[in-house]
Amino acid sequence: MTIDMLNQAIQGALIGGLYALFAVGLSLSLGVIRFINIAHGDLIVLASFLLMSLSGLLGLSPFVVALFMLPLAFAAGYWLQRLLLQRVVGESVLPVILVTFGLSIMIQNGLLQAYGPDTHKLHGGQIEVASVHMFGLFDIGFFPLAVFFTAIVVIAALDILLYRTSIGARIRAVADDPAAADLIGLSSGRMYAIAMGVVGMTVMLAASCMSVWTNFDPAIGPSRLLTAFEAVVLGGLGSLWGTLVGGMVLGIAQNLGAQMDASWQILAQHLIFLLVLVLRPRGLFPKA
Amino acid sequence: MTGRNQFMTGLAITRFALVAIILALAAGPWLFDLNQQTLLTEFFTLLVLALMWNLLAGYADIITVGQHAFVGVGAYAFYGLAVLADVDIFLAIPMAALTTLLVAIPTMAIIFRLRTAYLAVGTWVAAEVMMLIAGKLPGFGGGSGTSLPIPVVKAFGATLSGRVSTFYAMSFALALLAFGTTWIFLRSRVGLGLTAMRDNEEAAGAAGVDLVMTRIVCFLWTAPFLGLAGVLVTLQKLRVAPSASFSITDWTIYIIFIVVIGGIGSLEGPVIGTILFFLLRGYLAAYGTWYLIILGAVSIGVILAEPRGIWGACRRWGIPDLAPASHGPKP
Amino acid sequence: MSGADDEPLRVEKLNVYYGQFRAVHDIDLTVAAGEIVSVIGANGAGKTSFLKAIMQQADRAEGSIHAFGLNLRTMSTPQIVAAGVALVPEGRRLFPSLTVAENLRIGWEIGRRGSITLDRIYSWFPVLAERRDQPARRLSGGQQQMVALGRALLANPRLLLCDEISLGLAPVVVGQLYDILPKIRAEGISMIVIEQDVVRSLAVADRFYCFLEGAVSLVGRPQDANRDVIMRHYFGG
């Protein structure tokens with residue numbers, strides 16, 4: 001392996017932090033409510049556009065705006081679940097998929113109507129250009145490191161929330177057996193809504209990192225969903241830390257694929273996913 | 001019992017009218033002008049796609065968001081066979097269907113490791129992979145695609161009007177074939193199991209319906225039809241390109257809206273949905289993005305209000321199935 | 001007839017439906033303060049549907065249900081629990097991946113504050129204290145039933161509804177569980193105890209109702225009841 005490839009692999013692993021931020025929310029909704037939100041990627045894009053408008057309006061860094069928006073993101077997730085998704089949660093996953101699918105198309109086209117088809121990128125300030133020189137060999141950007149660190153903090157915080165707090169125990173109880181929870185007076189609908197509120201917060205954090213790191217336009221939601229989905233499945237269903245590893249695998253595959261030919265970047269990501277699916281259908285770190 | 005007799009008479013008249021419409025459509029090249037024939041060709045193509053998506057999502061509990069994969073495979077297979085391999089075009093068409101089936105088998109082997117919600121997104125990943133690979137195949141024009149050579153086009157008719165009529169006849173035949181065989185399929189033993197699955201999967205499993213085998217049969221059943229639809233799409237557009245042949249909007253998103261609004265889990269639903277889709281498109285297409293926003297909102301509204309769509313509402317009002325698959329409400 | 005503020009339960013003309021099927025027919029039932037009422041009946045007699053209707057968890061119900069003067073029909077299940085009615089569901093229904101302590105603590109968090117604390121539950125069931133950090137799914141059936149009972153008790157109910165606590169358990173274990181009932185009553189908690197095991201159930205009850213095919217077929221006091229009469233109203237015919 002040449003130094004260049006090693007460098008690419010390290011940069012790819014750091015992108016894994018961004019992908020893990022896409023994925024943790026999806027993992028949480030899959031683990032707790034057992035549905036897949038087809039609009040997950042579109043919600044990240046929607047949040048990115050909101051950050052763009054607000055940081056432009058207020059003249060503040062998108063990271064600062066995102067922090068102030070976290071309570072709002074929680075409320076948005078909470079009410080999305082309460083008012084819409086809760087109505088279709090049930091034995092069959094078909095209605096949830098169809099409703100979130102419709103939502104996805106509405107968000108994409110709503111953004112297209114409001115902002116046009118152009119690509120955008122937000123400015124994160126000095127942190128974007130700063131880098132550290134490591135082992136006398138590679139330059140590692142400050143920003144990718146910061147995003148990777150954010151992903152670790154977010155996953156650790158979710159881990160603590162789920163396994164060390166009473167609200168987390170109640171969320172896990174509902175994930176175990178929603179009917180039993182309802183029977184004894186622990187409202188599954190309310191716990192689902194709280195879980196989706198938390199998902200909303202991860203979406204806002206993912207949006208702040210993504211909008212500064214990469215270009216975005218109204219149509220890129222689905223590809224973010226696929227990346228998040230692949231990271232969740234690769235990591236092992238239900239494993240939060242697994243999403244970080246899953247994201248790193250995807251990032252490394254992308255960068256090494258791009259080394260061969262720029263057009264191989266995304267194909268390499270999907271192919272590594274399918275390969276792992278064939279070899280280890282339950283992911284790299286399946287939960288017992 | 002006069003009310004019941006009137007009802008039966010009404011049903012008989014409706015069915016008679018449907019047969020008359022089908023016969024009129026069969027005489028389409030003599031009845032309709034070229035624009036109408038072109039529109040109906042598109043209609044029949046979308047109808048085939050809607051019937052197939054409905055068979056998977058409405059009966060076999062396979063929710064696919066990657067149906068466009070096999071449309072694209074059919075299109076590329078036809079181009080490869082008819083243009084690159086120089087196979088006779090009327091042999092290339094069935095061979096394209098066969099190729100789609102052959103691609104569907106390993107695809108299924110991989111993505112069937114995922115279930116329910118995961119499977120839905122898995123089909124999407126598979127479709128992305130196939131589209132990206134199609135853009136890399138040598139001889140197909142890469143990412144921007146390539147046009148059908150004139151001689152191949154002319155093989156379907158020397159004049160424009162002749163070709164339009166040929167494509168019309170082919171798409172009408174395919175739609176009839178898709179509807180007819182799917183109907184017969186649903187009334188077969190496997191189909192009985194499917195209807196049981198639609199109504200209650202657990203009970204169907206307990207009653208000895210082999211759920212896995214049934215799902216495999218359904219998935220493979222749809223592949224050649226999707227591939228043939230891909231051939232028709234290629235003939236209408238006269239070119240293949242990754243973004244057009246594997247268009248998620250045209251071959252999956254619109255189709256999902258069609259089936260959801262028309263009525264999932266019935267044979268009438270896709271037909272009603274496709275008709276409605278073309279009517280709506282006529283009025284709303286000018287509004288561009290708003291058209292899709294409205295379709296999204298309508299489909300969400302339909303799922304909340306009447307999960308079985310327009311035909312589901314009709315059934316609740318006591319209208320019996322016009323094409324009862326295995327066990328419609330007995331009149 | 002809404003019932004007095006201190007009357008634990010007054011059910012009048014209750015009908016419960018599952019789709020087209022009527023599981024409970026016109027049931028009238030009361031529980032007086034401090035009373036243990038036993039509901040007996042064969043499988044499918046409508047006992048569980050009756051308790052679900054009280055907790056507002058039945059598909060569709062008609063009739064009136066009042067507890068402590070409150071109209072339960074207008075309340076949500078969490079509100080009912082907070083008002084002092086708790087259920088030990090049929091089949092225990094623990095949260096299998098949660099530890100014993102987490103399962104119990106959920107009962108405490110969703111209920112009222114009162115004299116029954118985690119420590120008291122552990123003193124009644126010492127084995128649970130030993131296994132507090134183990135996932136509930138690793139426990140034996142009897143221990144799981146103790147957790148289910150403890151979870152409901154930690155809500156500090158004034159009315160406790162117990163659905164088939166003895167189901168699938170060895171007689172020795174059932175005895176241990178039933179030995180707790182007097183302690184529960186001593187806390188001033190009224191109870192409905194649903195059982196298929198008539199003898200065990202009548203031994204602890206002040207009054208009993210026998211359900212047959214969704215309706216009340218017999219009401220009485222255990223000491224007055226003749227075994228053959230009960231059996232006739234239990235099985236019908």
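Predicted model: local features only at pLDDT ≥ 70, side-chain atom pairs only at ≥ 80, totals over all residues.
Residues are numbered from 1 along each chain as its sequence is written, chains are lettered from A and ligands numbered from 1 in the order in which they are written, and side-chain values use heavy atoms, leaving out hydrogens and water.

Polar contacts (N or O atoms within 3.5 Å; within protein, one able to donate a hydrogen and the other to accept it, with residues adjacent in sequence counted only if both atoms are side-chain atoms) link three residue pairs across the interface of chains A and B, both residues being at pLDDT 80 or more. The side of chain A that touches chain B draws two or more residues from each of α4 (94–115), α9 (221–235) and α11 (265–279) of chain A; helices here are DSSP runs of H or I with at least four residues, numbered from the N terminus. The largest share, 14 residues, comes from α4(A). By class, this side has 31 nonpolar, six polar and two charged residues, where Ala, Val, Leu, Ile, Met, Phe, Trp, Tyr, Cys and Pro count as nonpolar, Asp, Glu, Lys and Arg as charged, and the others, Gly among them, as polar.

In terms of contact (heavy atoms within 4.5 Å), 39 residues of chain A meet 35 residues of chain B. The two chains bury about 3,500 Å² between them, 86% of it on carbon and sulfur atoms; buried area is the accessible area (1.4 Å probe) that two parts lose on being put together, summed over both. On the chain A side, A:Leu98, A:Phe101 and A:Met106 lose the most area to chain B, together 16% of what that side buries. Helix α4(A) itself has 22 residues and reaches 31 Å from its first C-alpha to its last, close to the 32 Å expected at 1.5 Å a residue, the expected span being 1.5 Å times one less than the number of residues. After α4(A) comes A:Gly116, with a positive phi near 80°.

Turning to chain C, its contact with chain A takes 18 residues from chain C and 17 residues from chain A. About 1,600 Å² is buried between these two chains, with carbon and sulfur atoms giving 64%. Three salt bridges are found across this interface; one of them pairs C:Glu102 with A:Arg172, whose closest N and O atoms are 2.6 Å apart. Five residue pairs are in polar contact here, both residues at pLDDT 80 or more. On the chain C side, α2 (77–82) and α3 (100–110) each supply at least two residues, and α3(C) gives the largest share, four residues. This side divides into ten nonpolar, three polar and five charged residues. Chains B and C do not touch, their nearest C-alpha atoms being 15 Å apart.

Within chain B, an automatic or database domain assignment gives domain 1 (1–31) and domain 2 (35–247). Their C-alpha centres lie 30 Å apart, and the contact takes five residues from domain 1 and seven residues from domain 2.

Technical notes:
Salt bridge = Lys/Arg side-chain N within 4 Å of Asp/Glu carboxyl O.
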